[in-house]
Amino acid sequence: VLILADGFPVQPSIYGDPSTYYNVPVETVDHIDVIKGGSSLLYGASALGGVINYVTKKPSEKPFEIENKETGGDDSFFSSETRVSGTQGKYGYMASFLRKQGEGFRESDGFSVYDGSTYLGYEIDGHQKLLWRTSWYYEDSETPGGLTRAQYDADIHQSQYSDDNFEGRRVSTNLTYLNELDEKQNLEAYVNYNFLSRDWYIARATTTNQQVKRDFNVFGFGAKYHLDYDLFGMEGNRLTFGNEYYF
């Protein structure tokens, strides 16, 4: 399954390793697109199992708006989210910051997450737009591991890996050009870069405090042309041409 954030791949090694090591914080999401079946072929060989696209929140239509949300819950859960956004003439802007933490319901299940993002949109004219997004993410989490059936039956809260810890850092930025050629045709071109650093400290019976560290630098660019058309009275058909490259 290919995981996207605003149309850009989340997996740091998109063609070599399906692991994500990162998930878009649900607090930043506006809606989620799920694409399955033949439609996933438009996204390449890495999408044979389908596509999940997290579409993040966009700027407010008001000139200026500030939002703040504080949430608390069981197992020492706490979340604080602040967002400033607005639309001024041809410009749309947004900046947000999220911090959340908790102890989890199991042993060795604590976590803390920090996420910041910015968005800037510029309407060149009635048909053309430029969109720039950037985000920063940090996670420090204990990883309690799975349980056998016998361990689960004995105590669902236990952990076999009290010393395991995952630390991840991610930075992403992308620039998109959109051109609505007419009501049925549009063109988009984009460049994207993201960096992910994964430090995983694993302690097992045969290895003590082993550090499994990986760094990923991913650069991509592409362009797509979309044509919407009716076929034998059926609306909602789309034809897409394009290419994208990731290194």
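Residues are numbered from 1 along each chain as its sequence is written. In this predicted model, local features need pLDDT of at least 70 and side-chain atom pairs count only at pLDDT 80 or more, while totals for chains, interfaces and linings use all residues, and side-chain values use heavy atoms, with hydrogens and water left out.

Colleague: What is the strand order of the open sheet of four strands?

Modeller: Helices (H or I, at least four residues) and strands (E, at least two) are DSSP runs, numbered from the N terminus. Two strands pair if DSSP finds at least two bridges between them. The order is 2-1-4-3.

Colleague: Which residue in strand 4 stands opposite A5?

Modeller: Strand 1 (residues 2–5) and strand 4 (residues 51–56) pair over four bridges. Their sense is parallel. Opposite A5 stands Y54.

Colleague: Is G50 buried or exposed?

Modeller: G50 lies in the loop between strand 3 and strand 4. Its C-alpha is 5.0 Å from that of V1, though 49 residues separate the two in sequence. Buried means under 20% relative accessible area, exposed over 50%, and partly exposed in between (1.4 Å probe, protein chains only). At a relative accessible area of 2%, G50 is buried.

Colleague: Which residue takes a positive phi in the hairpin of strand 5 and strand 6?

Modeller: Strand 5 (residues 65–73) and strand 6 (residues 77–88) pair in the antiparallel sense over nine bridges. E67 stands opposite R83 in strand 6. Three residues lie between the strands, and the one with a positive phi near 55 degrees is D75.

Colleague: How many aromatic pairs does the structure hold?

Modeller: Rings of Phe, Tyr and Trp (its six-membered ring) pair if their centres lie within 6.5 Å. Planes under 30 degrees apart count as stacked, over 60 as edge-to-face and the rest as tilted. By that rule the structure holds nine.

Colleague: Why is the pair of Y114 and Y138 tilted?

Modeller: The ring centres are 6.3 Å apart, and the planes stand at 40 degrees, so the pair is tilted. Y114 is in strand 8 (residues 111–123) and Y138 in strand 9 (residues 128–142), 24 residues apart. Y114 is partly exposed at 24%, whereas Y138 is buried at 18%. The value behind the tilt is 40 degrees.

Colleague: What is the angle between the planes of F166 and W200?

Modeller: F166 is in strand 10 (residues 165–180) and W200 in strand 11 (residues 185–202), 34 residues apart. F166 is buried at 7%, but W200 is partly exposed at 26%. Their centres are 5.4 Å apart and the pair is edge-to-face, with a plane angle of 85 degrees.

Colleague: Which residues do ring pairs link into a cluster?

Modeller: A ring can belong to a cluster of linked pairs. Here the linked residues are F219, F221, Y245 and F247.

Colleague: Which ring does the charged end of R170 sit over?

Modeller: A charge sits over a ring if NZ of Lys or CZ of Arg is within 6 Å of the ring centre and within 35 degrees of the ring normal. R198 sits over the ring of Y21, 4.8 Å from its centre. For R170 the distance is 4.4 Å, and the ring is that of Y22.

Colleague: What volume does the largest cavity have?

Modeller: On a 1 Å grid over the protein atoms alone, a cavity is a set of points where a 1.4 Å probe fits but cannot get out. Grid points are joined across faces, edges and corners, and a volume is the space filled by probe spheres set on the points. The structure holds one cavity of 30 Å³ or more. Its volume is about 350 Å³.

Colleague: Which residues lining the largest cavity are the closest to its centre?

Modeller: Lining residues have an atom within 4 Å of a point. There are 26 of them here. The closest to the centre are D6, T56, S117, R133 and S135.

Colleague: What volume does the largest pocket have?

Modeller: A pocket is an open set with protein on both sides within 12 Å along at least five of seven lines. This one is lined by 41 residues, with D6, L131, R133, L178 and E188 nearest its centre. The volume is about 1100 Å³.
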